[in-house]
Amino acid sequence: MDVVKAVETYITKLVSTPSAMKVLLLDTHTTPIVSLASTQSTLLSHQVYLTDRIDNRKRDRMSHMKCVCFLQPSEDSLEALAAELREPKYGEYYLYFSSILSKPAIERLADVDEFEVVREVQEYFADYAPLLPCLFSLNHTPTSDKPLYGSSPNVWDPFALERSVQGITAVLLSLKKKPVIRYEKTSGMAKKLASEVQHRIQAEATLFDFRLTQVAPLLLILDRRNDPVTPLLSQWTYQAMVHELLGIHNGRVDLSMVPDIRPELSEITLTTITDPFFQAHYLATFGDLGTSLKNYVQSYQSHSLAQSSSSINSIIDMKRFVEEYPEFRKLGGNVSKHVALVGELSRLVDRDRLLDVGEVEQGLATSSGSDFKNVQAVVNNPVVPAWNKLRVVILYALRYQKTQTSNIAALINLLLSNGVSREEARLVYVFLNVAGSDQRQDDLFSTESLLAKGRSALKGLKGVENVYTQHTPHLSQTLENLFKGRLKDTTHPFLDGTGTNMGLQRPQDIIIFMIGGTTYEEARTIALLNQEAGNSSTGTRLLLGGTCVHNSSSYVEMIRAAAQKFPVSVYEPPPESATTAPSLNLNLGGVNTTEDVKVKTRTGALLTLISACIILAFTTMEFFDYRRVGVDTSIVVDRSRGQKLSVRLNVTFPHVPCYLLSLDVMDISGEQQRDISHNILKKRITPTGVDMPASRGEDLRNDIDKLAERRANGYCGSCYGGEPPASGCCNSCEEVRQAYTDKGWSFGNPDGIEQCVEEGWSGKLKDQADEGCNVSGRIRVNKVVGSIQISPGRSYQAGSRTFQDLVPYLRDDNNPHDFSHIIHEFFFMADDEYNYNKAKVGNDMKQRLGIADNPLDGVEAKTTKATYMYQYFLKVVSTQFRTLEGKTINTHQYSSTQFERDLTKFNEGENKQGVFTQHGVAGSPGAYFNYEISPILVVHSETRQSFAHFLTSTCAIVGGVLTVAALLDSILFATGRKLRKGGDGNVKLM
């Protein structure tokens, strides 16, 4: 289970197609994934000559280049991709997504691909960062903006939960594993995540249809809160130490703050796939690292002597020098990098007294324990940074929470007197309330027996350097119990009984996911276990992952940010704390009420309650008025020029077959679009109104193609007098029909045409004669006066007039046709409505204003006469919505009037009012939508009361109510005092 190879395979596949010069576009999420699993030389070998971000809008247009996009299907990435496809900068696009792509997202991309530049869309499940072959991260380091926890330590933030489910699903799919799931029983977050992952596996059953194994893989979901000690410790192995002291972010280390660092070393790459020295020693302890680095430098020096000018004495030496020089330069850069890195680690260890601090930490984290005086000495040491003092006290509090409460209180007070702020010191209480002994499922410090202390003492005798590596993560104990069949269902149950009797079998593949982040110390444990398993034929393969990879600072920051959303009691001392524990809840600080300056009265109390209720009620009303968003409407002249409109329609004609219907557009500018088929779908429907079942493309071949195969290669059909096409031949009945239309002739008798007879044209027309047709789609028209015509037969132009071929429509074939129709949908769109977000805002505004319904939606017209004409006269009004966020959304409204008439009646005589009506002879059956553009632009703008107005009103309410209450109270108080002075002891007002 090598996640680096899995992701590398995906990257290689996606950049291998097409085999031409290409551009690779990534987003913020996939950029580190590609950088961790591939190199620039690998990308260049597959003709990737440019790598850029999808959200960079300043890229140059290069239509001769192909483009490969590898993106996470998030809202930001999909929006950036949609903008790219609306204005494509490259000739072809190959789209690959790092996790499962939803059907709405696919439809959204299909809508914006108007230029049809997308050639391929696939899912490559690389939605995680492969840090090591046995370690992956979801790169979700929790912050205040992107939290992990919800309102309590057992509740997920919805975004973090979905991100974790996507990441784990991608890992399973990339490794082709369908596991059984176990989780920590006391962790509500672990159970929730396990349930969501299982639900996703069941929902995507076709993706998880892998070959079954004798023992199913195991997904073990753990909670970081069960082991808060490991991420708090100072680290003493190479990779973990670099991450603890400097930070490793997606394989990169920032050394720009290192004193006297060379510019080329200000940022370095530190990954096992590109650095052979790091690959060999990333698990080494700091003591062993010095010896290995010394040997590495000496090796470089020997290479330097071999490459010196004095050693080049022949042509063979010159050839060897040229061949080895690139590797020599690479070796030199690598040596410089590791020398600078280890030198900086040594400097930080000396500066922060980490050897002293680390020894105390290891004592607190292991069974040996640590003396209270040693912790006091660290806290009192002025050279030790305040951050390290805080970590040591947190470790002490976690270990001795139940037994040495007075010492914990004393250490917190000592922190406050040694440079640690109250805000920082209260994190001790936060850790005890979030990950203390009452919240942990297992007891991290239960090994206090004499035997355990003896083992720890023997371990310490092996060498001084082992003092700093005594601690083993709690994960080691969990895995040991799992291997030996001692991991009980009572502590780590299977999800919904999916692993019945599985606890008795040792799984061959185990994937561990740590909610709240894992550490490089735990990754080292997994790597060493995998090395032992590699030397055994029955070993278990392990893979570790987490929401992120923590060092001590990122872990504490995660807890600090999470505590802001928890109840304020998280900052209070736990119930078992000593009475001397200081109160550090800053939310309660600064409150000092002096009772001696107040006179308490019953009337004052009553007036205070009444005033508070009035203030609360009025302030609430004012707040709702402040938050309410109003809409102001104005009318201005529409100054837009050269724009186009999109018309979205969906109309059903129950008694006209699809082969007779023609959709034409004409406007006052002289532009004509005849028999439109682009972005228009015609669906055949049965006489009962049901869609005709579609044939499968792979099962049926086109009859015309079969016929063309039987004809000779030199076949050239006659056009029977019609206007021939450019080739001069009409090889199909459709081409003859088009030639007749171009000539201005009616196509009335297909039985006399050879091509139509061979294709069975008449038979097909008879089969479809009693059918209906549904016309739907989108039309682009000029923003001028025009007409959309749905009429029978193809239209053709003779001279300056346009005619319809009505012969097939009016032929008596025992299937009477008429233009009864149902308008399901008809509305005008602006270009802004192609943007998904803008369209959503526009629809919401229409709903609020009550203008969401279109006048023609749902209109039904019925007739039994073939020569019947329906006309709709539409007045289109441009509309613009302006939101509080500054967005402008352009759309359209329209009004409609309807007119219909029987074309066989030219004179209708007098009506009831005595008005004589007569029609012209012109006209043809069909449905005609005549639209006219209004010169008016209606602007709807969102408005809200200003905050200054709300603040002023609130102050006026509070001040006015309190002033009136104070006047009443003073009147009542003065009246009561005078009455008492008057000697009336029976009167008691207060």
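This is a predicted model: local features need pLDDT of at least 70, side-chain atom pairs count only at pLDDT 80 or more; totals for chains, interfaces and linings use all residues.
Residues are numbered from 1 along each chain as its sequence is written, and side-chain values use heavy atoms, with hydrogens and water left out.

The protein has 29 helices and 30 strands, where helices (H or I, at least four residues) and strands (E, at least two) are DSSP runs numbered from the N terminus. Of its 990 residues, 47% count as buried; here buried means under 20% relative accessible area, exposed means over 50%, and partly exposed lies in between, with a 1.4 Å probe and protein chains only. The accessible surface comes to about 49400 Å², and 53% of that belongs to carbon and sulfur atoms; such areas come from the Shrake-Rupley method with a 1.4 Å probe, and for residues only the protein chains shown count as cover. Among contacts between residues at least 6 apart in sequence, 79% join residues at least 24 apart, a contact being heavy atoms within 4.5 Å.

Strand S3 (residues 62-71) pairs with S4 in the parallel sense over seven bridges, two strands being paired if DSSP finds at least two bridges between them, and Met 62 stands opposite Tyr 90 in S4. S4 also pairs with strand S5 (residues 118-123), again in the parallel sense, over five bridges, with Phe 97 standing opposite Glu 123 in S5. From S4 the chain crosses through helix H5 (residues 103-112) to S5, and this β-α-β crossover is right-handed, which is to say that, with the strands pointing away from the viewer, the path from the first strand over the helix to the second runs clockwise. A right-handed β-α-β unit is likewise made by S3, helix H4 (residues 75-86) and S4.

Another sheet is built in the antiparallel sense. It is an open sheet of three strands in the order S10-S11-S12, with antiparallel pairing. Strand S10 (248-249) and strand S12 (267-269) stand at its edges, each with a single partner strand, so one side of each is left without a neighbour in the sheet. S10 and strand S11 (residues 252-254) pair over two bridges, and the bridge partner of Ile 248 in S11 is Val 253.

The structure holds 40 of them, each defined as a side-chain nitrogen of Lys or Arg within 4 Å of a carboxyl oxygen of Asp or Glu. In one, between Glu 361 and Arg 391, the closest N and O atoms are 2.6 Å apart. Glu 361 lies in helix H12 (residues 354-365) and Arg 391 in helix H14 (residues 386-399), so the pair ties together parts that are 30 residues apart in sequence. Glu 361 counts as buried at 0% relative accessibility, and Arg 391 counts as buried at 1%.

A further salt bridge joins Arg 541 and Asp 509, with the closest N and O atoms 2.7 Å apart. Because Arg 541 lies in strand S14 (residues 541-546) and Asp 509 in strand S13 (residues 509-515), this pair ties together parts that are 32 residues apart in sequence. Arg 541 is partly exposed at 42% relative accessibility, whereas Asp 509 is buried at 7%.

Within helix H21 (residues 552-563), Glu 557 and Arg 560 are three residues apart, and so they are separated by about one helical turn. They too form a salt bridge, the closest N and O atoms being 2.9 Å apart; Glu 557 is partly exposed at 40%, while Arg 560 counts as buried at 15%. Elsewhere, Arg 57, Arg 59 and Glu 84 are linked in a network of salt bridges.

The last stop is the surface. Leu 606, Ile 610, Ile 614, Phe 618 and Met 621 form a nonpolar patch there, with about 460 Å² of accessible area together. Patches are made of residues with over 30% relative accessible area and no salt bridge, like charges being joined within 9 Å and nonpolar side chains (Val, Leu, Ile, Met, Phe, Trp, Tyr) within 5 Å.
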